[in-house]
Amino acid sequence: MKQLLQNYSTGKLKVEDVPAPTLLPGGALVKTLYSAVSVGTEKAMLSFAKQSMLGKARKRPDLVRQVIAKARTDGVLSAYRAARERLDRPMPLGYSSAGHVLEVSQEVAGLSPGDLVACAGDGYASHSEVVFVPQNLMAKVPANVPVKEAAFATLGAIALQGIRRAELTLGECVAVIGLG
């Protein structure tokens, strides 16, 4: 199975052959038909990965604190090795896709093989031929919605969540700035 992966140390992207995911409880395997490229998020990830270690540290002080905490408890060498391992591990890109359900775990109700679903989630709805997606991160696609458009459902859900969190009401005016 093919999947788009990024090396966080170098920023290089590769399409690689990887093992297909396995069906886990509470979700389904989905054959990806389309996955959305989020220009803002994925560009930021590429830019981050291409930075030096110092640049990465400046952008993610939260991760620096985690490394320092690990160094205090497990030693500097252990913390360094853990950080290098995380940076060198190829990471899948993507978080919004659509496809056909291949297989459903027994705990999942309302989905059957062949159903068209929109999928969400970093680490789940990646740019990959087949993905495992938990039930709460996918939804059936209505018959009148083209599958290409269904692949963008997560981006709309994120925007809607922003509106919910801002507690906007009818009649209010807002400005949205940025790409993602």
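Two strands pair if DSSP finds at least two bridges between them. In this predicted model, β3 and β5 run antiparallel and are joined by 7 bridges.

**Strand pairing**
- Leu29 has Phe132 as its bridge partner in β7.

**Nonpolar cores**
- The largest nonpolar core consists of 12 residues, among them Ala28, Val30, Val104, Leu111, Cys119, Val131 and Met138.
- Two or more residues of this core come from each of β3 (27-35), β5 (96-104), β6 (116-120) and β7 (130-134).
- Another core, of 7 residues, lies apart from the largest one and includes Ala98, Val141, Ala150 and Ala151.
- Val131, a member of the largest core, is in contact with Pro21, Ala28, Leu29, Val30, Thr32, Tyr124 and Ser126, leaving aside its neighbours within four places in sequence.

**Helix α4**
- Helix α4 (residues 76-88) has 13 residues, which at 1.5 Å a residue should span 18 Å; the end C-alpha atoms are 18 Å apart, in agreement with this value.
- Ala79, Ala83 and Leu87 are the buried residues of α4.
- Seen down the axis of α4, these buried residues fall within an arc of 65 degrees, so they line one face of the helix.
- Exposed residues Arg81 and Glu85 are carried on the face of α4 turned away from its buried side.
- The cover over the buried residues of α4 includes α2 (53-59) and α3 (61-74).

Terms used:
Residues numbered from 1 in each chain as written. Predicted model: local features only at pLDDT ≥ 70, side-chain atom pairs only at ≥ 80, totals over all residues. Heavy atoms only, no water. Core = buried A, V, L, I, M, F, W, Y, C linked by side-chain atoms within 4.5 Å. Buried < 20%, exposed > 50% of the residue type's maximum accessible area, 1.4 Å probe, protein only. Helix = DSSP H or I, 4+ residues; strand = E, 2+ residues; numbered from the N terminus. Contact = heavy atoms within 4.5 Å. Expected span 1.5 Å × (residues − 1). Arc of directions from axis to C-beta.
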